[in-house]
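Please read it alongside the sequence and the coordinates.

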Amino acid sequence: MKKLFAIVLTFALLASLSVTAFAANTTGGYADITTSIAPTYTVTIPADVNVAFNATETAFGTIEVTASQIHPDKCIKVEVTSDGKLENSIDATKVIPYAIKDSQGAAFTSATYLTEGDKTELSIHITANDWNAAYAGDYSDTVTFTVSYENK
């Protein structure tokens, strides 16, 4: 029995000495950190406006980018479509011509925007001669604003 006990203790001692510790070989490396942001933007366009009789210039409002996260090679384009004629509600052949202009006084049809805060002030221009030639009545027209995301 002593012999058996001695053999078991010997194997126990040998087993405890043969435990090997492994360590990772770390000589350097790298880790990638990534993220992705989808393009997003918000554009405010002018609301309805009432042009006072005989006013040759009326503030129309502002096209403004109020939020923007776009790709570096892209832009936000806003186009304005209008026939430039206020039509009489009784007789559509009776019109008052008008022009939409930017703050520089140039005719406005489109503009491109890149960042939040970019804006264009617009106004409506009707000449005194066109007012003088107009018939009485109510006049209106619809202006269409088209916003698109395009290459620069």
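**Note on the predicted model**

1. Three-stranded sheet with β3. An open sheet is formed by 3 strands in the order β7-β3-β10, with antiparallel pairing. The edges are held by β7 (110-113) and β10 (144-151), each having a single partner strand, so one side of each is left without a neighbour in the sheet. On average, neighbouring strands of this sheet are turned by 20° against each other, direction ignored; the axes behind such angles are lines fitted to C-alpha atoms. Strands here are DSSP runs of E with at least two residues, and helices are runs of H or I with at least four, both numbered from the N terminus. Two strands count as paired if DSSP finds at least two bridges between them.

2. Basis of the values. This is a predicted model, in which local features need pLDDT of at least 70 and side-chain atom pairs count only at pLDDT 80 or more, while totals for chains, interfaces and linings use all residues. Residues are numbered from 1 along each chain as its sequence is written, and side-chain values use heavy atoms, with hydrogens and water left out.

3. Bridges of β3. Strand β3 (residues 74-81) is joined to β10 by 8 bridges, and the two run antiparallel. Within this pairing, T81 has T144 of β10 as its bridge partner. Between β3 and β7 there are 4 bridges, again with antiparallel strands; here E79 is partnered by S110 of β7. The covered face of β7 carries A111 and Y113, whereas S110 and T112 belong to the uncovered one.

4. Sheet with β4. The order β5-β4-β9 describes an open sheet of 3 strands, with antiparallel pairing. Because β5 (95-97) and β9 (139-140) stand at the edges with a single partner strand each, one side of each is left without a neighbour in the sheet. Strand β4 (residues 85-88) is connected to β5 by 3 bridges, and these strands run antiparallel. K85 stands opposite P97 in β5.

5. P97. This proline is found in strand β5. Its relative accessibility is 33%, so P97 counts as partly exposed; buried means under 20% relative accessible area, exposed over 50%, and partly exposed in between, for a 1.4 Å probe and protein chains only. Leaving aside neighbours within four places in sequence, P97 is in contact (heavy atoms within 4.5 Å) with G84, K85, H125, I126 and D130. The C-alpha atoms of P97 and D130 are separated by 6.8 Å, although the two residues are 33 apart along the chain.

6. Largest nonpolar core. Which residues touch the most other members of this core? Of its 20 residues, they are I63, I100, F108, Y113, L122, I126 and F145. Two or more residues are given to this core by each of β2 (57-69), β3, β7 and β8 (119-125). A nonpolar core is a set of buried Ala, Val, Leu, Ile, Met, Phe, Trp, Tyr and Cys residues joined through side-chain atoms within 4.5 Å. Not counting residues up to four places away in sequence, L122 touches P46, A59, F60, G61, I63, I100, K101, D102, F108 and F145.

7. Aromatic pairs. A search of the whole structure finds 3 aromatic pairs. Rings of Phe, Tyr and Trp (its six-membered ring) pair if their centres lie within 6.5 Å; planes under 30 degrees apart count as stacked, over 60 as edge-to-face and the rest as tilted. One of the pairs is F53 with W131: the ring centres are 5.4 Å apart and the planes stand at 80°, so the pair is edge-to-face. F53 lies in the loop between β1 (40-44) and β2, and W131 in helix α2 (residues 128-133), 78 residues apart. F53 counts as exposed at 62% relative accessibility, whereas W131, at 7%, counts as buried.

8. F60 and F145. The rings of F60 and F145 have centres 6.1 Å apart and planes at 40°, so this pair is tilted. Since F60 lies in strand β2 and F145 in strand β10, the pair ties together parts that are 85 residues apart in sequence. F60 is buried at 10% relative accessibility, and F145 is buried with a relative accessible area of 17%.

9. S148. This serine has its place in strand β10 and is buried, with a relative accessible area of 18%. The side chain of S148 makes a polar contact with the side chain of E150 at 2.9 Å. A polar contact is a pair of N or O atoms within 3.5 Å; within protein, one must be able to donate a hydrogen and the other to accept it, and residues adjacent in sequence count only if both atoms are side-chain atoms. Leaving aside neighbours within four places in sequence, S148 is in contact with Y41, C75, I76 and K77.

Conventions. Axes are lines fitted to C-alpha atoms, for helices over the stretch in contact, and angles run from 0 to 180 degrees between N-to-C directions.
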